[in-house]
Amino acid sequence: MNLPQLYYFLKLAELQHYTKAAKELYISQPSLSDSIASMEQELGISLFQKKGRNVKLTKYGQEFYVHVSQALNELERGIASMKRHSGQIGGVIDVGCIPTLVGDFLPTAIQNYMRKGVQTKFNVFHGMSIEVAQGVATGKYDLGFCSMVADEPDLVFVPIMAQELVLIVNDTHPLADRQEICLSDLKDYKLTTYRDSIPIGKLVRGLLSKHGVEATFSYDDEISIGGVISENQLAAIVARTPFLKQFDNLVLIKLTDVPPDTRLIYMTYSKKNFISSAVEAFADFIVAHEMNLP
């Protein structure tokens, strides 16, 4: 058994599909099949079993996966340590990110990181929080930046920044001259916000319920909400993000009874999937240099 075989095993365990794993490993599917078969013969046990067109780990494969992940993680940490001593570290990092961070936070963080002289390549993909979290869980992304997502027990969520929740109205709305307001004062106004099937929508619904305030839960993002508010006599609760800046007639009003750290953004990674030295180095940098919490 050799080191490449262990990486082949890890990739197949994560993707559970020979063709996809072979493609990402830049080897032929027969070569991957032969390599796994050789490992199973050497170990004297089956590591995978068929599941339709896919494969899944046997209970012995699951146990072996834990050991291989730990061993390769330790090896990668050692390699990363040596590269840090020599002032160099490289690799490719696939990042999933919610749209509100793609225009400012993430590009700035990557630029600051690259100033260290690293040769890392970043592939950035954007999506809603649930999509990002699921992408990290399945190994599609190495890291994710999103809201906390429930029912993802294999993910670790590290808070890195807060986005203040504010009330927005257009400049002709009766509340347009207010600088601040409390949630209970909104009972007599037509209010809208995010869909409550996404994490931030669930958060806002919980806040409004505590104060007996009703709203429609209809939108995915600040662009959609801002566009509606700019043209209608509605009010909306949204996160203060750069997307709101494109609407000239919006007024942002402080919510006095909503703490500024109510809506947190997290960096997430999977504790089951393989983490390369490049990913670990960038994650450490985010925690050390780019966190923005009240």
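Of the 294 residues in the protein, 45% are buried, where buried means under 20% relative accessible area, exposed over 50% and partly exposed in between, computed with a 1.4 Å probe on protein chains only. The structure is a predicted model, in which local features need pLDDT of at least 70 and side-chain atom pairs count only at pLDDT 80 or more, while totals for chains, interfaces and linings use all residues. Residues are numbered from 1 along each chain as its sequence is written, and side-chain values use heavy atoms, with hydrogens and water left out.

The protein has 10 helices and 13 strands; these are DSSP runs numbered from the N terminus, helices being H or I with at least four residues and strands E with at least two. The C-alpha trace spans about 75 × 45 × 30 Å along its principal axes. Among contacts with a separation of 6 or more, 73% come from residues 24 or more positions apart, a contact being heavy atoms within 4.5 Å.

Helix H1 (residues 3-15) and helix H3 (residues 29-43) have axes that come within 10 Å and cross at roughly 105 degrees. Axes are lines fitted to C-alpha atoms, for helices over the stretch in contact, and angles run from 0 to 180 degrees between N-to-C directions. On the H1 side the contact involves Gln 5, Leu 6, Tyr 8, Phe 9 and Leu 12, and on the H3 side Leu 32, Ser 35, Ile 36, Ser 38 and Met 39. By class, this contact has 7 nonpolar, 3 polar and no charged residues. Here Ala, Val, Leu, Ile, Met, Phe, Trp, Tyr, Cys and Pro count as nonpolar, Asp, Glu, Lys and Arg as charged, and the others, Gly among them, as polar.

For helix H6 (residues 105-114) and helix H10 (residues 277-290), the axes come within 11 Å and cross at roughly 110 degrees. H6 and H10 are therefore roughly perpendicular to each other. H6 contributes Phe 105, Leu 106, Ala 109, Ile 110, Asn 112 and Tyr 113, and H10 contributes Ala 278, Ala 281, Phe 282, Phe 285, Ile 286 and Glu 290. The contact of H6 with H10 has 10 nonpolar, 1 polar and 1 charged residues by class. Tyr 113, Phe 282 and Phe 285 also belong, with Phe 122, to one aromatic cluster.

Aromatic rings of Phe, Tyr and Trp (its six-membered ring) were paired if their centres lie within 6.5 Å, with planes under 30 degrees apart counted as stacked, over 60 as edge-to-face and the rest as tilted. The count by this rule comes to 9 aromatic pairs. One of them, Phe 157 with Tyr 266, is edge-to-face, at 6.0 Å centre to centre and 85 degrees between the planes. This pair links distant parts of the chain, since Phe 157 is in strand E6 (residues 155-163) and Tyr 266 in strand E13 (residues 263-270), 109 residues apart. Both Phe 157 and Tyr 266 are buried.

A further ring, that of Phe 217, has Arg 205 over its face at 4.1 Å from the ring centre; a charge sits over a ring if NZ of Lys or CZ of Arg is within 6 Å of the ring centre and within 35 degrees of the ring normal. Phe 217 is also among the contacts of Thr 193, which include Val 204, Thr 216, Ser 218, Tyr 219, Ile 225 and Ile 237, leaving aside neighbours within four places in sequence. Thr 193 is found in strand E9 (residues 191-194) and counts as buried because its relative accessibility is 1%.

Ser 69, in helix H4 (residues 59-85), likewise counts as buried, at 6% relative accessibility. Apart from residues up to four places away in sequence, Ser 69 touches Leu 10 and Lys 272.

Gln 16, with phi near 55 degrees, lies in the loop between H1 and H2 and is partly exposed, with a relative accessible area of 33%. Tyr 26, with phi near 60 degrees, lies in the loop between H2 and H3 and is exposed, with a relative accessible area of 77%. Within H2 itself, Ala 22 is buried at 3%. Ala 22 touches Ile 27, Ser 28, Gln 29 and Leu 32, not counting residues up to four places away in sequence.

Technical notes
Angles under 35 degrees count as roughly parallel, over 145 as roughly antiparallel, 65 to 115 as roughly perpendicular and the rest as oblique.
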